[in-house]
Amino acid sequence: MNIYLTSGTPEFMESLRKKYSNEKMIVLHGSGNSMLLHETEGKSVFQTPRSYEVIDSINELEDKGFFVMNHLPVSDEGRPLFEHRFLSRSHVIESDPGFKAYRLLKPINSETYIVLTEWSGPTSFEAWKVSKAYKDAFEKQVAAVGIENRNIFTSKAYVTTYTTAKNEETED
């Protein structure tokens with residue numbers, strides 16, 4: 001499975017989604033930009049996509065929700081350790097209130113992985129970030145594979161958030 005991303009105006013992203021209505025596409029609206037997410041077994045219909053291989057997933061992505069993308073630039077040497085960390089983790093996130101879906105995206109032509117989660121709304125995501133389950137999961141994962149003693153990242157990670165609701169916030 002692959003995910004392809006492209007950015008543009010909200011109107012253009014909607015027009016592409018309608019043009020390829022037989023494809024699984026979700027229009028995402030962020031702070032100052034919109035993005036079209038295309039999930040497929042095939043090739044991209046976009047001219048210049050950001051391309052990712054889905055290497056882990058939970059549930060189907062829905063076209064109504066709050067999306068969080070954790071962008072993690074990983075060195076070539078660090079890729080096996082990074083992937084092991086996420087692929088061997090328990091899926092405790094599945095039982096969190098408001099959780100909808102998850103994808104671990106391996107970059108095809110870059111160094112930046114994306115950990116994509118979908119929530120029913122921003123309140124659910126924020127509640128998960130301050131939960132004991134979140135803290136426990138990350139502390140155990142780091143300790144288990146020794147990431148704290150290795151610099152596998154090439155630059156600082158960053159987070160972007162999107163909603164499927166144009167000009168309005170998704171509710172929990």
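The side chain of N2 makes a polar contact with the side chain of Y4, at 3.5 Å; such a contact is a pair of N or O atoms within 3.5 Å, in which, within protein, one must be able to donate a hydrogen and the other to accept it, and residues adjacent in sequence count only if both atoms are side-chain atoms. The model is predicted, so local features need a pLDDT of at least 70 and side-chain atom pairs count only at pLDDT 80 or more, while totals for chains, interfaces and linings use all residues. Residues are numbered from 1 along each chain as its sequence is written, and side-chain values use heavy atoms, with hydrogens and water left out.

**Confidence**
- The mean pLDDT of the chain is 87, and 87% of its residues reach 70 or more; pLDDT is the predictor's confidence in each residue, from 0 to 100.
- Over residues 141–149 the pLDDT is below 50, and this stretch has 14 contacts in the model beyond near neighbours in sequence. Where pLDDT is low, the predicted coordinates should not be read in detail.

- N2 belongs to strand β1; strands (E, at least two residues) and helices (H or I, at least four) are DSSP runs, numbered from the N terminus.
- N2 counts as buried because its relative accessibility is 16%; buried means under 20% relative accessible area, exposed over 50%, and partly exposed in between, with a 1.4 Å probe and protein chains only.
- Leaving aside residues up to four places away in sequence, N2 touches residues including H38, E39, T40 and Y52, where contact means heavy atoms within 4.5 Å.
- Strand β3 (residues 34–40) has seven of its seven residues buried, so it is largely enclosed by the rest of the structure. S34, L36, H38 and T40 point one way from β3, and M35, L37 and E39 point the other way.
- Strand β1 (residues 2–8) pairs with β3 in the antiparallel sense over seven bridges, and G8 has S34 as its bridge partner in β3. Two strands pair if DSSP finds at least two bridges between them.
- Strand β2 (residues 24–29) also runs antiparallel to β3, joined by six bridges, with K24 opposite E39.
- The hairpin of β2 and β3 has four residues between the strands, and G32 in the turn has a positive phi of about 85 degrees.
- I26 lies in β2 and is buried, with a relative accessible area of 5%. I26 and H38 are twelve residues apart in sequence and 6.7 Å apart in space, C-alpha to C-alpha.

**Cores and helix α3**
- The largest nonpolar core has 18 residues, and those with the most contacts inside it are F82, Y102 and W119. Such a core is a set of buried Ala, Val, Leu, Ile, Met, Phe, Trp, Tyr and Cys residues joined through side-chain atoms within 4.5 Å.
- β5 (66–73), α2 (79–87), β6 (99–107), β7 (112–119) and α3 each supply at least two residues of this core.
- Apart from this core lies another, of 16 residues, among them I3, L37, F67 and A101.
- In helix α3 (residues 122–129), P122, S124, F125 and W128 are buried. Seen down the axis of α3, these buried residues fall within an arc of 160 degrees, so they line one face of the helix; the arc is that of the directions from the helix axis to the C-beta atoms.

- N59, in the loop between β4 (50–58) and β5, has a positive phi of about 65 degrees although it is not a glycine. Most residues other than glycine have a negative phi.
- At 43% relative accessibility, N59 counts as partly exposed.
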